[in-house]
Each structure stands twice: as C-alpha cells, then as structure tokens.
Amino acid sequence: MTTDQTLAPPRPAHSMPVVFGAGAAIGVLGGMIGLGGAEFRLPLLISLFGFAALSAVILNKAMSLVVVLTALPARMAAVSASELAAHWPVAVNLLAGSLLGAWAGASWAVRMRSSTLYKVLAALMVLMAAALLFTHFSTLGTLDLPLWAQVPLGAAAGFGIGVVAAIMGVAGGELLIPTIVLLFGQDVKTAGSLSLLVSLPTMLVAFARYSRDGSFAVLGANRRFAVVMVAGSIAGSVLGGLLLGVFPDVVLIPALAVILLVSAIKLALHD
C-alpha cells in the first residue's frame, strides 16, 4: 500500500482565486489545442498544490470526468449523433480493450509505491509530449489494415490507452485521436468526438476502481477545491477556444511539449 492510500493530504492552503486561476490557465491551454488539458493539470496538482501522486491522480480523474461531460454537448453540435452512430464499431473495438486497461491501470496505481508512481507519471508525461507533437505535426494517414488485423490491434491500443488514462487521471484524447485516425481511417473531427465516447465509459471504470481505495477520500476532503478548479477549467476552455489560431501551432505545440517535459523531469526527481 502506498502512503497516498493511508494518509489523506491536508487541505491546500492556497486561496480559491488561485485555484480558479490555475484551472482557467489549464482550460486555456486545453482549449487552444482542442484537448481537455488534464495532462497539464496533474503536475500542477503535485508541484503547486502539494498533493501526493495518487491523490493528485484521483482528483485529476474526477475533474477530467466533469470536463469530458461538459465537452460532449459541444462536440455533438460539430458531429451529430447520427454521424457518430455510423461509426459505433470503432468505439466498441477500442472499448473492448480500454475498459480492461482502465481497471488494470487504476489497480496498478493504487498498489505502487509513491516513489515508483512519480517516475511512472514522469515517463507518461514524456509520452504525452511525443503524442502532442506527433498529432499536430505529422500527416496522419491510415494504415489500411484488413479487419482481422484491425480488430485485435484496436483492442490492444485501447487497453494501453486505458492504462495510461487511468494512471494519469486523464481522458486519453491525446492518444485516442491519432489511434482512431491511423487504425480506422476517420477524419480528425470525427475522431475527436469518438474519443470522447470512448473516454467517458473508460474514465468511469477507472473511477469505480479508485473508489474502492482509501485514498479516494481525497475527493470528499477537497470537494470545494475540485469544484473551483473545474469551474476555472471550463471557463478557460471557452477562452482557449476563442484564441484558437491566434498562436501558430509551430510555436504553441513545441512550447506545450516543453512544459510537459519540464513537468516530467520535476516528477521524476520528486521525493
């Protein structure tokens, strides 16, 4: 059992305006790149607000879940439910792996030593930085695989994404979108909506697994903190959406990748 599981962290001493501002900044970053921003929230929860690794992951998962739920209606305006329904086999294929991966990832996270979890999170931050660069600067084609190869690969990819999303407390869109484009040949807009449909049940499974652990009490102890940060994230995502295109990707994406890499180094060196 980790220290995170047996000791609830103290309530953060930071003022609620600081918490709201941090959430807004994360929302702006996420809105500008079309993602939820949870990968940027996690290191802030640890380094700025002082949460232990597992507690930060659980809080991040809870806030990511709310952000995904609020993003779904907006995505439905861009890609209708009938359009998404036509691609249900893609979602089912990925969910076949991601639901198992989410349960496994959450189970591993609660059993890891804190020092190990910090290093795992650091490695996954590097993965997210690579995925961010790949998605925005590569020409995503399709692998054009036969169905007999596509289905097991989709389930395997879903499992891996479910593990990563559960351990980091993120929705996993950074990995889901390129996977849907490459494996299933969908356009990026459709892939973005499908990723939310896959993320939601995957996150719920991880959330259910975390709820069985003692460290889940961090949510009850920091309910106001979570609500204020989520409110800031939602407000910031709206502003980030309005700023879309103001900063060219050739500047913005490498800068965000550097932020993730610096965060990864800090997590790796965390005691």
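A nonpolar core is a set of buried Ala, Val, Leu, Ile, Met, Phe, Trp, Tyr and Cys residues joined through side-chain atoms within 4.5 Å, where buried means under 20% relative accessible area, exposed over 50% and partly exposed in between, for a 1.4 Å probe and protein chains only. The model is predicted, so that local features need pLDDT of at least 70 and side-chain atom pairs count only at pLDDT 80 or more, while totals for chains, interfaces and linings use all residues. Residues are numbered from 1 along each chain as its sequence is written, and side-chain values use heavy atoms, with hydrogens and water left out.

The largest nonpolar core comprises 86 residues, and those with the most contacts inside it are L45, L121, M168 and Y210. Helix α4 (residues 53–78) gives the most to this core, with eleven residues; helices are DSSP runs (H or I, at least four residues) numbered from the N terminus. Contact means heavy atoms within 4.5 Å. Leaving aside residues up to four places away in sequence, L45 touches G50, F51, A56, L59, N60, M63, F225 and M229.

Helix α7 (residues 114–137) has 24 residues and spans 35 Å from its first C-alpha to its last, close to the 34 Å expected at 1.5 Å a residue. The expected span is 1.5 Å times one less than the number of residues. Among the buried residues of α7 are Y118, L121 and M125. Helix α3 (residues 38–47) and α7 pack at an angle of about 150°, with their axes 11 Å apart. Axes are lines fitted to C-alpha atoms, for helices over the stretch in contact, and angles run from 0 to 180 degrees between N-to-C directions.

Helix α2 is mostly covered, with 13 of its 18 residues buried. Helix α2 (residues 16–33) packs against helix α12 (residues 223–242) at an angle of about 40°, and their axes are 6 Å apart. The residues of this contact divide into 13 nonpolar, nine polar and one charged.

V181 lies in helix α9 (residues 173–184). V181 counts as buried because its relative accessibility is 4%.

Terms used: Helix = DSSP H or I, 4+ residues; strand = E, 2+ residues; numbered from the N terminus. Nonpolar A, V, L, I, M, F, W, Y, C, P; charged D, E, K, R; others polar.
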